[in-house]
Amino acid sequence: QVQLVESGGGLVQPGGSLRLSCAASRSFFSIKALGWYRQVPGKERELVAAITSGGSTNYADSVKGRFTISRDNAKNTVYLQMNSLKPEDTAVYYCNAVVVAGAGEYDYWGQGTQVTVSS
């Protein structure tokens, strides 16, 4: 099991930047991948960015070149640096961890943090 706590959301003007943080309750041992998802009302949650235990990353096309996901294993924290923010980036952002346990994989989620991009 792992608990995830996001922080860093808020209100920012278009073109601005924010850095989201997701602190895990334990080390990243047995965590296959960490990711950031977002959701707006009435729509499905979508993957924004993910990073594997080996350091490979992938991004949604809509954020490529603007967002960067990174991890600090010593601090048990994963980050999402968001630059050149657009109004369409407005959403609740959720941290996700895929944990390997036995023969299975299990998803864990944080509580979410609101990001609002508006002038």
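## Basis and secondary structure

Helices (H or I, at least four residues) and strands (E, at least two) are DSSP runs, numbered from the N terminus. The model is predicted, with local features requiring pLDDT of at least 70 and side-chain atom pairs counting only at pLDDT 80 or more, whereas totals for chains, interfaces and linings use all residues. Residues are numbered from 1 along each chain as its sequence is written, and side-chain values use heavy atoms, with hydrogens and water left out.

By these criteria the protein chain contains 0 helices and 11 strands.

## Dimensions and surface

The radius of gyration of the protein chain, taken over C-alpha atoms, is 14 Å, in agreement with the value near 14 Å for a compact globule of 119 residues; that rule is 2.2 Å times the number of residues to the power 0.38. The C-alpha atoms fill a box of roughly 45 × 30 × 25 Å along the principal axes.

Of the 119 residues, 40% count as buried, meaning under 20% relative accessible area with a 1.4 Å probe, protein chains only.

Leaving aside neighbours within four places in sequence, Tyr 93 is in contact (heavy atoms within 4.5 Å) with residues including Glu 6, Leu 20, Arg 38 and Val 115.

Key. Buried means under 20% relative accessible area, exposed over 50%, partly exposed in between (1.4 Å probe, protein chains only).
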